[in-house]
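Keep the viewer open as you read.

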There are 2 protein chains.
Amino acid sequence: MKALVFDGKRLALANVPAPRRRAGEALVRVRLAGICSTDIEIVRGYMSFRGIPGHEFVGTVESSPAARLVGTRVVGEINVPCGRCAMCRAGLGKHCAARTVLGISGRNGAFAEYLSLPLENLHPVPAGLSDEEAAFAELVAAACEFPERVAFRRADRVLVLGDGRLAAMVAQALAPRSPRLAVLGRNAAKLSVLRRLGLRTLGPRVPKTLARSQDIVIECTGSPGGLPLAARLVKPRGTIVLKSTFHGAVEWNPAPLVVDEITVVGSRCGPFETALSLLARGTVRALPFLSAVYPIERWEAAFREARRPGAFKVLMRMG
Amino acid sequence: MKALVFDGKRLALANVPAPRRRAGEALVRVRLAGICSTDIEIVRGYMSFRGIPGHEFVGTVESSPAARLVGTRVVGEINVPCGRCAMCRAGLGKHCAARTVLGISGRNGAFAEYLSLPLENLHPVPAGLSDEEAAFAELVAAACEFPERVAFRRADRVLVLGDGRLAAMVAQALAPRSPRLAVLGRNAAKLSVLRRLGLRTLGPRVPKTLARSQDIVIECTGSPGGLPLAARLVKPRGTIVLKSTFHGAVEWNPAPLVVDEITVVGSRCGPFETALSLLARGTVRALPFLSAVYPIERWEAAFREARRPGAFKVLMRMG
């Protein structure tokens, strides 16, 4: 099958054997796969992964131990836990120390014609969603992780920091329950897309009146400056939700967290059921944040576009 | 009166007018005052404070709008809030943006024969406590701030990071409710003092098996390495309580907070009532952590001793 393979130095389109389906897993023919900043970090050699990257996808079940799933359009959760350790028994399989992660750790990913995932990782895509929309499921799920871990009150001033695709999904997912939500970003063109969806935006300059004003700040900038800025904008005793990872270090004195008694909640992958339902109901709109779809053969152009500061999500078509 | 005055460049013993008692405030004759790392930062010029530093004290009420308080031995809360803003109305006066802070911000402090504080900041010292023990009240209060904000279960693995005086107070305050608590420090002599009080200690080397093992890590190191180390030792979905501030920056990538979905809870000043009661009941012992008492005239030796890595708490006698 065709696949993008990273050998530790460079990414290349290669012809490799299709994955053999493991016990309890389904073989999925990938239709579309999304490029995430983690993929860009992998391809830059910033992570230890070797093999086929890619963890955002929509595909069709090709073969499966559950026969009635064959032919079904699915998206999939990326963490494959051991199922036996204390984390797994506590229902926190995504934190299993022995887990593999699709296209990120110990398991080939979605930049290929086929991938293999356990049945319990797969979620059928509602009929009303296009492939392009469904390919956002993993991203939207990440945007839905934290509300259950942070107490949101309707009167809270909520600020989403960042104007990229994750910020866009977070803002849309939260807007119905947080009428005072605003998005603070740097890129005027990106902010205008958010405004057209009815979201309140701030920036590119940070208004001075914003200092220490927010009950909850959700850090989605993907840059080292995000956390220090969030700590300046949140109220004493407020909460920062930390969503974004990046390469490199923050140089920062965390004293404001102590002095202002701020709580920081780290947050990663979230619930696919919620994500698919938000997409199906139109609460979260994906297509305004789709920058381009490239055939897998044009992967170099796809990655170039994904790295462009003005770009939102870039997909690759595998078929 | 005698007082230590910081002019922005150096600290000096001077003869200055005693503070005039403001409306609603009591004049307190200081008996003992403790040197805290914040005082050392002030004297190094790392903070913007000018005037008389010092915020840990025990004293006797000299004059007061409430006559029956005169002659009473008291300790005092250091934040003097405006009483009218939203933070104050929410009962969070210690976060009032217009507050003054004894010996730290906008208000002369305790390295003097007299200080002035609002009546509501003062707490009578139980008769069974010596002056030396009572002088630890502010520190012990800080050690009691967070338990109400963090869910502790008896089965939790709790690690106190650091072996200084704050770590010692935190460990003692928590030990009765956290039977699996341990203290990880670097200084063998300090750790042995903790062990003699029945606390479990680890270090100076960090055991490898400690990685990702703790439900709650309480960071009391007062050094830039504390937060990154805490993030390595806490379990996924665990909690770091951040207590210590320091000068300088951490150079660190906060990705572990996101990937392991860690919660960080910043924590500062705490309840004096709890602190006095823990000291009076002997749950928290202060005297093993008293390194020396100097007369105010020997303030240079006192500060030198307070900066010595092996030292715990240093007090100055004002009378």
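Predicted model: local features only at pLDDT ≥ 70, side-chain atom pairs only at ≥ 80, totals over all residues.

B:R212 is partly exposed, because its relative accessible area is 41%. The partner of B:R212 is B:D260, and the salt bridge between them has its closest N and O atoms 3.1 Å apart. B:D260 sits in the loop between α8 and β17 of chain B, while B:R212 is in the loop between β13 and β14, so the pair ties together parts that are 48 residues apart in sequence.

A:K94, A:E145, A:R149, B:R237 and B:E261 are joined into one network by bridges that share partners. One piece to look at is the contact between A:R149 and A:E145, whose side chains meet at 3.0 Å, N to O. Is A:E145 buried or exposed? At 2% relative accessibility, A:E145 counts as buried, whereas A:R149 is partly exposed at 23%. The cut-off that matters is 20%: a residue under that value is called buried.

Another pair is worth a click: B:K313 and B:E56, with a salt bridge of 2.8 Å, N to O. This one links distant parts of the chain, with B:K313 in strand β19 (residues 313-317) and B:E56 in strand β4 of chain B, 257 residues apart. Both B:K313 and B:E56 are buried. How many salt bridges are there over all chains? The count comes to 38.

B:E261 has a positive phi of about 50°, although it isn't a glycine. You'll find B:E261 in the loop between α8 and β17 (263-266) of chain B, and it is buried, with a relative accessible area of 0%. Over in chain A, A:R237 also has a positive phi, about 65°, and it isn't a glycine either. A:R237 lies in strand β14 (residues 234-242) of chain A and is partly exposed, with a relative accessible area of 29%. Why flag such angles at all? Because most residues other than glycine have a negative phi, and most peptide bonds are trans.

In chain A, a cis peptide bond joins A:G203 and A:P204, with omega about 0°. A:P204 is in the loop between β12 (200-202) and β13 (214-219) of chain A. In chain B, B:G203 and B:P204 are joined by a cis peptide bond with omega about 5°.

Now for the inside of chain B. Helix α7 (residues 226-233) has 7 of its 8 residues buried, so it is largely enclosed by the rest of the structure. The buried ones are B:G226, B:L227, B:P228, B:L229, B:A230, B:A231 and B:L233. What covers them? The cover includes strands β11 (158-161), β12 (182-184), β14 (214-219), β15 (234-242) and β16 (250-252), along with helix α8 (255-259), of chain B.

B:H55 is another one tucked away: it is buried, with a relative accessible area of 2%. B:H55 is in the loop between α1 (37-43) and β4 (56-63) of chain B. Leaving out residues up to four places away in sequence, B:H55 touches B:C36, B:T38, B:D39, B:I78, B:L102, B:I104, B:A110 and B:E138.

B:G282 is partly exposed, with a relative accessible area of 36%, and is found in the loop between α9 (272-281) and β18 (290-295) of chain B. Check its C-alpha against that of B:Q172: they are 9.8 Å apart in space, although 110 residues separate the two in sequence.

Finish on the surface of chain A, where A:R44, A:R298, A:R304 and A:R307 gather in a patch of positive charge. A:R44 lies in the loop between α1 (37-43) and β4 (56-63) of chain A. At 48% relative accessibility, A:R44 counts as partly exposed.

How values were computed. Residues numbered from 1 in each chain as written. Chains lettered and ligands numbered in written order. Heavy atoms only, no water. Patch = residues over 30% accessible without salt bridge, like charges linked within 9 Å, V, L, I, M, F, W, Y side chains within 5 Å. Areas by Shrake-Rupley, 256 points an atom, 1.4 Å probe, with all protein chains shown as cover. Salt bridge = Lys/Arg side-chain N within 4 Å of Asp/Glu carboxyl O. Lys, Arg positive; Asp, Glu negative; His and termini not counted. Charge placed at Lys NZ, Arg CZ, Asp CG, Glu CD. Helix = DSSP H or I, 4+ residues; strand = E, 2+ residues; numbered from the N terminus. Buried < 20%, exposed > 50% of the residue type's maximum accessible area, 1.4 Å probe, protein only. Contact = heavy atoms within 4.5 Å.
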